[in-house]
Amino acid sequence: KQWYQRRVRGSVLSYLVTNRSEEHVVDMLQLLLALMSEHHAAVLPKFDELGGVKVLFKMLKHEVESVRLYSLKTIGAYLNACAAKQSLKLVNKAGIFTVVAEYLASRSDRVTIATYNVLMELLTNHIS
């Protein structure tokens, strides 16, 4: 079972990097979000090992808003699931919110209501 779980997590990130189909990418982001929320102890080590945060940032550049929204939600789930020390490191030293703002600003000069709502979820640590 563990081999299968490792394989699935690696496959999800690989799929996200290579596929540009909106509905399939959204499905995979939803799967990753569910895995991150429900099985974070099993998912986090492999996610970190494979550079999952970088993959999610790449998804923030996607032209489709739903892909960007699920990427943001998954980043929030990651921040909630990882150790407080790691989360603080990403927020303070790496400036994760600054990077998110820059990526989102590169797509549009306006923030939609949907994006605003997801950003509020991020800031309040209540990812739905």
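**View 1. Ser 108 sits in the loop between H7 and helix H8 (113–124).** Helices here are DSSP runs of H or I with at least four residues, strands are runs of E with at least two, and both are numbered from the N terminus. This is a predicted model, in which local features need pLDDT of at least 70, side-chain atom pairs count only at pLDDT 80 or more, and totals for chains, interfaces and linings use all residues. Residues are numbered from 1 along each chain as its sequence is written, and side-chain values use heavy atoms, with hydrogens and water left out. Ser 108 has a relative accessible area of 30%, so it is partly exposed. (Buried means under 20% relative accessible area, exposed means over 50%, and partly exposed lies in between, with a 1.4 Å probe and protein chains only.) Look for Glu 63 too: it is 45 residues from Ser 108 along the chain, while the C-alpha atoms of the two are separated by 9.8 Å.

**View 2. His 62 lies in the loop between H4 and H5.** Is His 62 buried or exposed? Its relative accessible area is 0%, so His 62 is buried. The C-alpha atoms of His 62 and Arg 107 are separated by 8.2 Å, and these residues are 45 apart along the chain.

**View 3. Helix H3 covers residues 40–49.** Val 43, Leu 44, Lys 46 and Phe 47 are buried in this helix. A handy rule for reading such a view: an α-helix has 3.6 residues a turn, so residues three or four places apart point the same way. After H3 comes Gly 51, with a positive phi near 70 degrees.

**View 4. Phe 47 and Tyr 78 form an aromatic pair.** A search of the whole structure finds two such pairs. (Rings of Phe, Tyr and Trp, the last by its six-membered ring, pair if their centres lie within 6.5 Å; planes under 30 degrees apart count as stacked, over 60 as edge-to-face and the rest as tilted.) The ring centres of Phe 47 and Tyr 78 are 5.1 Å apart and the planes stand at 40 degrees, so this pair is tilted. Phe 47 belongs to helix H3 and Tyr 78 to helix H5 (residues 65–81), so the pair ties together parts that are 31 residues apart in sequence. Both Phe 47 and Tyr 78 are buried.

**View 5. Phe 57 and Tyr 103 make a stacked aromatic pair.** Their rings are 5.5 Å centre to centre, with 25 degrees between the planes. Which helices does this pair link? Phe 57 is in helix H4 (residues 52–59) and Tyr 103 in helix H7 (residues 96–107), so parts 46 residues apart in sequence are tied together. Phe 57 has 10% relative accessibility, so it counts as buried.

**View 6. Ser 87 is part of helix H6 (residues 84–93).** With 15% relative accessibility, Ser 87 counts as buried. Leaving aside residues up to four places away in sequence, Ser 87 touches Leu 79 and Cys 82. (Contact means heavy atoms within 4.5 Å.)

View 7. The C-alpha trace spans about 45 × 35 × 25 Å along its principal axes. Of the 128 residues, 40% count as buried.
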